[in-house]
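Hi,

Here is the structure I promised to pass on. Have a look at it first, and then read my notes below.

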Amino acid sequence: MYKTTGIIDKNFYESIKYHIYPKKRIGLLKICIIVLFLCYLLFSFCLRDLEWACICVFNISLFAFLPFCILKKYVKINMDRMQENYHTDSMNVSTEFTEESIILYSSVRQDPTQIYYQDISGVVLTEKYYLIFTKAEQLICVFTDQLQERDRL
């Protein structure tokens with residue numbers, strides 16, 4: 001049906017890292033921060049317990065910065081895996097859509113990878129890419145600048 005080709009490298013991972021963190025986890029972190037903030041208000045103003053108020057402030061800080069630490073690690077892990085598995089810092093990837101599946105071709109692998117549509121769990125649209133996630137949390141990238149307007153739909 002149609003095919004896109006692009007380069008996966010550190011710049012790619014840096015540009016998508018904010019789109020790969022699951023929205024449910026972000027919502028859960030926000031709830032935790034709100035609960036901890038309410039506990040902070042309770043302990044510091046109502047109960048005048050400075051020790052517990054400090055513990056709440058510490059945990060608020062931890063939960064607030066946790067996603068940023070995880071996303072920074074995400075880029076490093078993926079670059080380390082690429083270097084370890086393929087001894088390269090970038091690879092050329094082609095994504096081809098057929099009637100029953102997505103076929104992935106890579107400049108570092110000999111055999112193509114076939115992902116069936118029923119194994120797709122979600123799609124995220126970014127400025128430059130469609131990020132397709134499988135049930136096993138694999139990431140498939142479609143380079144949108146190479147698609148016609150009707151193909152994007």
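One thing to keep in mind before the rest: this is a predicted model.

Let's start with the whole chain. Among contacts between residues at least 6 apart in sequence, 47% join residues at least 24 apart. As for secondary structure, you'll find four helices and seven strands, and reading along the sequence they come in the order β-α-α-α-β-β-β-β-β-β-α. The chain is more spread out than a compact globule, because its radius of gyration is 21 Å, well over the 15 Å that the globule rule gives for 153 residues. If you'd like dimensions, the C-alpha trace spans about 65 × 35 × 25 Å along its principal axes.

Now for the surface. Of the 153 residues, 33% count as buried. The chain exposes about 10,600 Å², with carbon and sulfur atoms supplying 58% of that. On the charge side, there are 17 positive and 17 negative charges, and their mean positions are 6 Å apart.

I also zoomed in on one residue, Ser101. You'll find Ser101 in strand 3, which covers residues 101–106. Is Ser101 buried or exposed? Its relative accessibility is 0%, so Ser101 counts as buried. And what does Ser101 touch, leaving aside its neighbours within four places in sequence? Ser101 is in contact with Glu96, Gln114, Ile115, Tyr116 and Tyr117. With Gln114 there is also a polar contact, side chain to side chain, at 2.8 Å.

Cheers

Note on methods:
Residues numbered from 1 in each chain as written. Predicted model: local features only at pLDDT ≥ 70, side-chain atom pairs only at ≥ 80, totals over all residues. Heavy atoms only, no water. Helix = DSSP H or I, 4+ residues; strand = E, 2+ residues; numbered from the N terminus. Rg over C-alpha atoms; globule rule 2.2 N^0.38 Å. Buried < 20%, exposed > 50% of the residue type's maximum accessible area, 1.4 Å probe, protein only. Contact = heavy atoms within 4.5 Å. Areas by Shrake-Rupley, 256 points an atom, 1.4 Å probe, with all protein chains shown as cover. Lys, Arg positive; Asp, Glu negative; His and termini not counted. Charge placed at Lys NZ, Arg CZ, Asp CG, Glu CD. Polar contact = N/O pair within 3.5 Å; in protein donor to acceptor, adjacent residues only side chain to side chain.
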